[in-house]
Amino acid sequence: MGSGKVNRLALLLALACGAPAAVAGDWFERFKDEATDAALHRFLYAMPKGGDLHLHLTGSAFPEWLHEVALAEAAQGIAYYVKTRIDNCAVEADQADAYLMLHRTVDQRRLATFSDCERVEYQALSALDAEARAAWMNSIRLDAAHEGRDEFFERHWQRLGDLLRNPHLVAEILYRNMRAFADEGVVYIEPQVPVFGFLDRNGAPLGPEEVLALYRQRLAQADARTAGVTVRFQVSALRFHPDAEQVVRRIYRLASEHADIVAVNLVGREDHDRGHPLRFLDTFRDLRRAYPGVRLSIHAGESVRPDSHVRDTLLLGAERIGHGLNLIQDPQTLLDFRHGPYLVEVNLISNLLLGYVHDFAAHPFPEYLRTGVPVALSTDDRGMWDSTLTDEFFVAVREYGLSWAELRTLGRNSLAFSFLDDATKSRLLAEYGRRMDQFAKNFQRRGVAALGDVQPLRRGFICRHYGLCEGDGDKEGVRHGNG
């Protein structure tokens, strides 16, 4: 990477001017300059991290997790079926879109309501052969060049179907996220958890309180308690839904009543005009008159066109902005963001795959970071991108030449701008500082040997976009010498 050469030149100039020889982070610049992509990714995987403040729980489920957890539900009498062919069965006109969607997943109760013709279009998830199973998994990954935001917003979630009505399955996905994040050195997550539309294993509707109780039960199990990841919830409303204001009222009240729900969010594509922020201004003002202490982290600025959505979302009361891509096109609001108190939750891989930027060079993230706008990296729907938080850091370092100080800032921001209680936040911040100090000290002393036997998880995105796949020959971890 060219940034290492630039930084070494700066070091020489500093020495010529009588500056101290030891420059903070120079060891990292040397490492970046010499490291292969594989070695850099391994380093970043092993590096301590703070939190992920922007992840949709159901979108964070890797397809193989969904497959395993769905099959495990057979022990509870729940079987799932996948649409693997279309026989042109007669259906009602308002059901045509769902009918024509391959790889839609339904449970046995829904399958029983279909006509004889439709039922034979489905295969048991447990009976799919290797080819059909791979096709089902690929149908919920955004991994092909022709796919984009329409495929994601209008097909991915719909294909998951009845999997997302089973709270036990979703609770297990929460635990698997905890375990995987812990492997990356993450200590805090703030997932956006669904609470509506669930059924128990007998098919009876469940209310939000019952769903939250099931999440808490899963978090109380020994494996979750010892995972080393602190969890707090966000609850959200689909911003363009006809009854969105009523949903906001329900989740706002819910957040006011439960300490582990730390924020309310508005989600959904912003190019749907019915979801514009000011639609909710009177609703939030009314709710603030009735309920204290409810905080807002709201999607805004996930758009290629200039608009006032980020500014308007601050008017709603948001303290954090999800995405904030087009903030760069609103100069006055951008100035208001400099040095806080607001934070932008940046999702680099999401923005690329959904076509909001055509390549990483077009992303405003480095401009935000280097002009004092508080930012933190997050994963959004990482299961559907087939990526990790490490991958977000890898993109940031490789594409923008991040310094060690900037890496520390990103991790610190992800905890400092969290909605944790003060005591827990202070503890995690202090631990983060100690972990980063120790990691840097060990690496400066031992080099790549300090990483020990760390084997980074390399998902599909990083393999496809950067060629970082298993067996890439990275043994020494450097470009030169014996690399």
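Glutamate 121 is buried in this predicted model, with a relative accessible area of 0%, and its place in the chain is the loop that runs between helix 7 (116-119) and strand 4 (122-124). Tryptophan 385, which belongs to helix 19 (residues 382-385), likewise counts as buried, at 0% relative accessibility.

**Glutamate 121**
- Because its relative accessible area is 0%, and buried means under 20%, glutamate 121 is placed in the buried class.
- When residues up to four places away in sequence are not counted, glutamate 121 touches Val82, Lys83, Thr84, Arg85, Ile86, Asp87, Asn88 and Cys89, together with Tyr99.

**Tryptophan 385**
- With residues up to four places away in sequence left out, the contacts of tryptophan 385 include Leu142 and Phe152, as well as Ile349, Ser350, Leu353 and Leu354.
- Glycine 460 is 75 residues away from tryptophan 385 in sequence, yet the two are 8.0 Å apart in space, taken from C-alpha to C-alpha.

**Strand 1 and its pairing with strand 5**
- Six of the six residues of strand 1 (residues 51-56) are buried, and therefore this strand is largely enclosed by the rest of the structure.
- Strand 1 runs parallel to strand 5 (residues 188-192), to which it is joined by four bridges.
- Within this pairing, leucine 55 has proline 191 of strand 5 as its bridge partner.

- Four strands form an open sheet in the order 9-10-11-12, and their pairing is parallel.
- The edges of this sheet are strand 9 (297-300) and strand 12 (375-377), each of which pairs on one side only.
- On average, neighbouring strands of the sheet are turned by 30° against each other, direction ignored.
- Strand 11 (residues 343-346) and strand 12 run parallel and are joined by three bridges, and valine 344 has valine 375 in strand 12 as its bridge partner.

**The largest pocket**
- The largest pocket has a volume of about 1,300 Å³, and its lining is made up of 43 residues, of which Thr58, Trp157, Leu164, Leu238 and Val267 lie nearest its centre.
- Helix 5 (96-99), strand 3 (105-107), helix 9 (149-160), strand 7 (233-238) and helix 13 (244-257) each supply at least two residues of this lining.
- Helix 9 gives the most to the lining of the largest pocket, with a contribution of six residues.
- Sorted by class, the lining of the largest pocket holds 20 nonpolar, twelve polar and eleven charged residues.

**The cavity**
- A search of the whole structure for cavities of 30 Å³ or more finds one, and the largest cavity has a volume of about 60 Å³.
- The residues that line the largest cavity are Ile78, Tyr80, Asp107, Arg109, Asp162, Arg165, Asn166, Leu199, Asp200 and Arg201.
- Sorted by class, this lining has six charged, three nonpolar and one polar residue.

Definitions and conventions: Residues are numbered from 1 along each chain as its sequence is written. This is a predicted model: local features need pLDDT of at least 70, side-chain atom pairs count only at pLDDT 80 or more; totals for chains, interfaces and linings use all residues. Side-chain values use heavy atoms; hydrogens and water are left out. On a 1 Å grid over the protein atoms alone, a cavity is a set of points where a 1.4 Å probe fits but cannot get out, and a pocket is an open set with protein on both sides within 12 Å along at least five of seven lines; lining residues have an atom within 4 Å of a point. Grid points are joined across faces, edges and corners, and a volume is the space filled by probe spheres set on the points. Ala, Val, Leu, Ile, Met, Phe, Trp, Tyr, Cys and Pro count as nonpolar, Asp, Glu, Lys and Arg as charged, and the others, Gly among them, as polar. Buried means under 20% relative accessible area, exposed over 50%, partly exposed in between (1.4 Å probe, protein chains only). Contact means heavy atoms within 4.5 Å. Two strands pair if DSSP finds at least two bridges between them. Axes are lines fitted to C-alpha atoms, for helices over the stretch in contact, and angles run from 0 to 180 degrees between N-to-C directions.
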